[in-house]
Amino acid sequence: MPWRTLEHEGTTWSVSRAAERRGGAASWSLVLGFRPAAAPAGTSSSGSTGAAAAGPRPRALWVVYPAQSGSQAALFTQAERIGADELRSLLLAALAEASRP
């Protein structure tokens, strides 16, 4: 189950959150995952049917959010304060980065 969902250009994105601690680091970093929601069986993400209409689907994108904490619980509490507009901005930046050659 997604933590949150966003709509962007006709695609619903499921947003998940995770805490990551790299080797030797004392604090946890917040990582947000954006995954396109699955289209209903037999349709592409644009709603068309048929194999010819099924275009490439966006892939999952991961963003390290600038929040750190020594506690995972405190980090997830910080994540609750992230608004939909900020999540959308992060998604747009990740999509722009992913489309660069």
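Trainee: How many aromatic pairs does the count come to?

Mentor: The count comes to 0 aromatic pairs. Rings of Phe, Tyr and Trp (its six-membered ring) pair if their centres lie within 6.5 Å; planes under 30 degrees apart count as stacked, over 60 as edge-to-face and the rest as tilted.

Trainee: What kind of model is this, and what ground rules apply?

Mentor: This is a predicted model: local features need pLDDT of at least 70, side-chain atom pairs count only at pLDDT 80 or more, and totals for chains, interfaces and linings use all residues. Residues are numbered from 1 along each chain as its sequence is written, and side-chain values use heavy atoms, leaving out hydrogens and water.

Trainee: What average pLDDT does the protein have?

Mentor: The average is 84, and 80% of the residues score at least 70. The scale is the predictor's confidence in each residue, from 0 to 100. Residues 40-55 fall below 50. That stretch has 13 contacts in the model beyond near neighbours in sequence. A contact means heavy atoms within 4.5 Å.

Trainee: What makes Arg17 count as sitting over the ring of Phe76?

Mentor: The rule asks for NZ of Lys or CZ of Arg within 6 Å of the ring centre and within 35 degrees of the ring normal. The charged end of Arg17 is 4.7 Å from the centre of the Phe76 ring. Arg4 also lies over a ring face, that of Trp3, at 4.3 Å from the ring centre.

Trainee: Why is Ser69 called buried?

Mentor: Buried means under 20% relative accessible area, exposed over 50%, and partly exposed in between (1.4 Å probe, protein chains only). Ser69 has 12%, so the residue is buried. Ser69 is in strand β4. Beyond four places in sequence, Ser69 is in contact with Ser27, Trp28, Ala74, Leu75 and Gln78. A polar atom of the Ser69 side chain also lies 3.1 Å from the backbone nitrogen of Ser71.

Trainee: Why does Ala60 count as partly exposed?

Mentor: Ala60 has 25% relative accessibility, so the residue is partly exposed. Ala60 lies in the loop between β3 and β4. Contacts of Ala60 past four places in sequence are Phe34, Arg35 and Pro36. Gly33 is 27 residues away along the chain, yet the two C-alpha atoms are separated by 6.9 Å.

Trainee: Is Glu9 buried or exposed, and how do you know?

Mentor: Glu9 is exposed, because its relative accessible area is 74%. Glu9 is in the loop between β1 and β2.

Trainee: What phi does Glu9 have?

Mentor: Glu9 has a positive phi of about 50° although it is not a glycine. Most residues other than glycine have a negative phi.

Trainee: Why does His8 count as buried?

Mentor: Its relative accessibility is 16%, so His8 counts as buried. His8 is in strand β1 (residues 4-8). Outside four places in sequence, His8 touches Trp13, Leu91, Leu92 and Leu95.

Trainee: How do you know that a polar contact joins Ser29 and Gln68?

Mentor: Their side chains meet at 3.4 Å. A polar contact is a pair of N or O atoms within 3.5 Å; within protein, one must be able to donate a hydrogen and the other to accept it, and residues adjacent in sequence count only if both atoms are side-chain atoms. Ser29 is in strand β3. Ser29 is buried, because its relative accessibility is 13%. Gln68 is among its contacts, including also Ala18, Ala19 and Leu75.

Trainee: What makes a set of residues a nonpolar core?

Mentor: The members are buried Ala, Val, Leu, Ile, Met, Phe, Trp, Tyr and Cys residues joined through side-chain atoms within 4.5 Å. The largest such core has 19 residues, and Leu30, Leu32, Phe34 and Leu87 have the most contacts inside it. β2 (11-20), β3 (28-36), β4 (61-69), α1 (72-79) and α2 (84-98) each supply at least two of its residues.

Technical notes. Helix = DSSP H or I, 4+ residues; strand = E, 2+ residues; numbered from the N terminus.
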